[in-house]
Amino acid sequence: APAPGQQAPAGGPTHVPAAPSQTAPEVMDMVAHIQGRGDVGAHLGDRLGEVGSKRWIEGFAIAPTRNVAPADIEYQAVLGRGWLSPWVEGGEFCGSRGMALPVLGLRVRLRGDAARDYECSYSASFTDGTQVGPVAGGESCEAESLAPLESIELVITPRAAAAEEKPAAAKPAKPASGSRRR
């Protein structure tokens with residue numbers, strides 16, 4: 001039957017639009033298992049987890065979807081003072097799920113061609129309010145207090161772009177000629 005206010009087309013049955021098709025879930029670059037929330041995803045450059053939430057990350061996986069192959073990134077979880085998980089290859093889960101064990105920090109590094117062409121940096125927030133970073137790839141990102149990790153932000157940039165930005169930032173701005181006020 002036609003919807004109220006509409007008439008059926010002449011000479012044939014009423015067309016009923018198909019239910020909206022479900023789109024495939026968006027592929028994320030990073031996933032974390034967060035206390036009380038479960039698995040949550042984010043893109044590189046976006047925050048994974050929530051600053052100030054007091055919900056710790058129990059484990060995470062990083063698998064870039066652009067520029068860097070998952071095989072060209074690896075990471076570790078900080079489990080205690082001087083205690084790190086083994087290096088894990090991109091796409092693999094590092095940490096725990098459902099065991100209520102917090103990750104206390106992380107280290108991330110690029111390898112292979114990605115290490116030559118890109119650099120990574122990351123920052124994090126912790127359940128005690130501490131914020132650390134950004135730190136360079138390979139460095140440990142953890143709170144001095146060893147508070148549990150609550151959010152991560154990972155950025156991967158081409159090395160050429162990073163090198164071009166640094167000198168420009170160091171130059172003092174020159175006043176435009178004729179714009180001085182007396």
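This is a short tour of the structure, one selection at a time.

The model is predicted: local features need pLDDT of at least 70, side-chain atom pairs count only at pLDDT 80 or more, and totals for chains, interfaces and linings use all residues. Residues are numbered from 1 along each chain as its sequence is written, and side-chain values use heavy atoms, with hydrogens and water left out.

**Whole chain.** Of its 182 residues, 33% count as buried, where buried means under 20% relative accessible area, exposed over 50%, and partly exposed in between, with a 1.4 Å probe and protein chains only. The chain exposes about 11200 Å², and carbon and sulfur atoms supply 53% of that area, computed by the Shrake-Rupley method with a 1.4 Å probe.

**An open sheet.** Next, select β1, β2, β4 and β8. These 4 strands form an open sheet in the order β2-β1-β4-β8, with antiparallel pairing; two strands pair if DSSP finds at least two bridges between them. At the edges are β2 (38-42) and β8 (94-95), each pairing on one side only. Strands of a sheet pair through backbone hydrogen bonds.

**Strand β4.** On to β8, which pairs with β4 in the antiparallel sense over 2 bridges; here the bridge partner of Gly59 is Gly95. Because 6 of the 6 residues of β4 are buried, this strand is largely enclosed by the rest of the structure.

**The nonpolar core.** Show side chains for Phe60, Val108 and Leu154. They have the most contacts inside the largest nonpolar core, which has 36 residues; such a core is a set of buried Ala, Val, Leu, Ile, Met, Phe, Trp, Tyr and Cys residues joined through side-chain atoms within 4.5 Å. Strands that each supply at least two residues of this core include β4, β9 (105-110) and β13 (149-158). The most comes from β10, with 5 residues.

**Val108.** Leaving aside residues up to four places away in sequence, Val108 touches Ile62, Ile73, Glu74, Tyr75, Cys120, Tyr122, Gly137, Gly138 and Leu154; contact means heavy atoms within 4.5 Å.
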